[in-house]
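Please keep the sequence and the model in view while reading.

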Amino acid sequence: MRWTDYYLYTTREVPKDAEVISHQLMIRAGMVKKLAAGIYTYTPFGWRSLTKLSAIVRRELDKVGAMELNMPAIQPAELWQESGRWQKYGKELLRLRDRHDREFCFGPTHEEVITDMVRRDVRSYKQLPINLYQIQVKFRDEVRPRFGLMRGREFLMKDAYSFHASDESLDTTYHLMHDAYCRIFEACQLDYTVVDADSGTIGGASSNEFMVLARTGEDALVRCAESGYAANVEKAEAGELPKPEPGPQGEGDGPQEVSTPGVTSVDEVATFLGVESRQVVKTLIYTSEREELVAVAIRGDREINEVKLANYLDVMHLTLANEEEVQRATGAPVGFAGPVGLSSDLRLIADHSVRDLVRFVCGANRADAHLIGVEWGRDTEPSEWVDLLLVGAGDPCPLSGAPLEQSRGIEVGHIFKLGDKYSEAMGCQFLDEKGRGNPMIMGCYGLGVGRTVAAAIEQGHDDDGIIWPRPLAPFEVLLMSLNPAKEEVRQMADQIYGELQERDIEVLYDDRKERPGVKFKDADLIGIPVRVVIGQKGLAEGKAEISLRRDREKLSVATGDVMTKVMELLAE
């Protein structure tokens, strides 16, 4: 393709709303154009990359027996009401009405639609298992769309759904899809890892995320080199934490109240009382869409994993209670809540990190006061002990006990064992060998097409632009004519262009009448893997210049050997 005939317009300016490098570079390289917040047009240049990834996805899923279909983007509310997600999903679900005042949504995912289709057609265990997938546009009305294709509202996604007669059958397909995903990301030449993950709004018994490793990744993950354990911090567990020494003894047989005027944070309390922060129990009051308050206790030097808490409470949205709610629930201002003497109407949940604390410090549920010498069992007891710890670097691995390492990644794929979550709710049943009806066992497998391309840029770039892995590059070769006004330069460049096309090499031919500096800047920006430069000076010696974008080491090659060298570099 000649650049003068192609729809490709680069820009030097960094978009003001582009917070991450992939967003900046995709805009500057002319891959996407913003239409509205979180909604983008893919230009021909950008679409080529997404099409290449889609082809890799189709190839690997077809290998494991998955069958492609296409489902409607607009979905009737009735299906979501059947599954129970119409009320639960929240404001990210874009709801709309047609001219007959019937309610619909723009699908953020397709569990309901695929379950409805299969329940109409499949009756017997003999028809199972089934694995169906699509590559289609989704819409999630993010409250704050950002990071370009990393967290947009409209996005391109591959979603697959499998149906089974048994858990064992689901396990087989789950492993097949897991391995297919590994082959997809390996084919894309991406550095990735697989971690245990939270199932989120999709639900299900267990799930794994595929994370492209990048310093700019929006997700934190922990890994253990010794055991191989890896998990998103939203899901991660830790081994047993070291126990702190007992705290200060109160007067008499019970806790002692001490005055702590204006001392509210854990660090302030620890300093004021001369104790360690890990000897303090921090009590936070939360509320959710149910408008029920719950008190949560955790060790003072640690943080609550709010994803774990929301999952445990089975709520979608969780926030800290406001000052008025805290005052009403505890009788004290924010900063003085504690687990002792709370109303019986207020549910108290405690993290395992505080279970073995002896003579701990906590808020007294009175303004400007704390308690010392508090004991579980004697002075108070939570209604539930739950793992709510936000795991971080240095915590013991739950398998080996070795310190966990923390890094950052970008979620590009997520696979779930759904079980009968949707089939039970929607009556998707099969008849077993004895003629009995059973809900189908389901799996779900998502892969963000746009996110993966953006993640490849986050992982592969420098100060000048994109460094594409060859399988995802919009073109394989960039051919540059530095002096197209010179007849001999233009003729040689045209000749090499024709030879590249004859060999079915994807080539973008920069035949623009621009200054060499402009062309080199654009070449670095768009990041095509192999660059062939034809200039008057080199041509006078019968030479062309060839380089790789990843290292920019220049090779002077005889014009007659250009094809051989290009083929050699593309094969690396």
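The buried residues of helix 9 pack against strand 14 (281-288), where contact means heavy atoms within 4.5 Å. Helices (H or I, at least four residues) and strands (E, at least two) are DSSP runs, numbered from the N terminus. This is a predicted model, in which local features need pLDDT of at least 70, side-chain atom pairs count only at pLDDT 80 or more, and totals for chains, interfaces and linings use all residues. Residues are numbered from 1 along each chain as its sequence is written, and side-chain values use heavy atoms, with hydrogens and water left out.

Helix 9 comprises residues 323-330, and its residues Glu325, Val326, Ala329 and Thr330 are buried. Buried means under 20% relative accessible area, exposed over 50%, and partly exposed in between (1.4 Å probe, protein chains only). Viewed down the axis of helix 9, the buried residues fall within an arc of 105°, so they line one face of the helix; the arc is that of the directions from the helix axis to the C-beta atoms. On the face turned away from this buried side lie the exposed residues Glu323, Glu324 and Arg328. Just after helix 9, glycine 331 has a positive phi of about 80°.

Attention now turns to a pair of helices. Leu53, Ile56, Val57, Arg59, Glu60 and Leu61 in helix 2 meet Met177, Ala180, Arg183, Ile184 and Ala187 in helix 6. By class, this contact has 8 nonpolar, no polar and 3 charged residues. Here Ala, Val, Leu, Ile, Met, Phe, Trp, Tyr, Cys and Pro count as nonpolar, Asp, Glu, Lys and Arg as charged, and the others, Gly among them, as polar.
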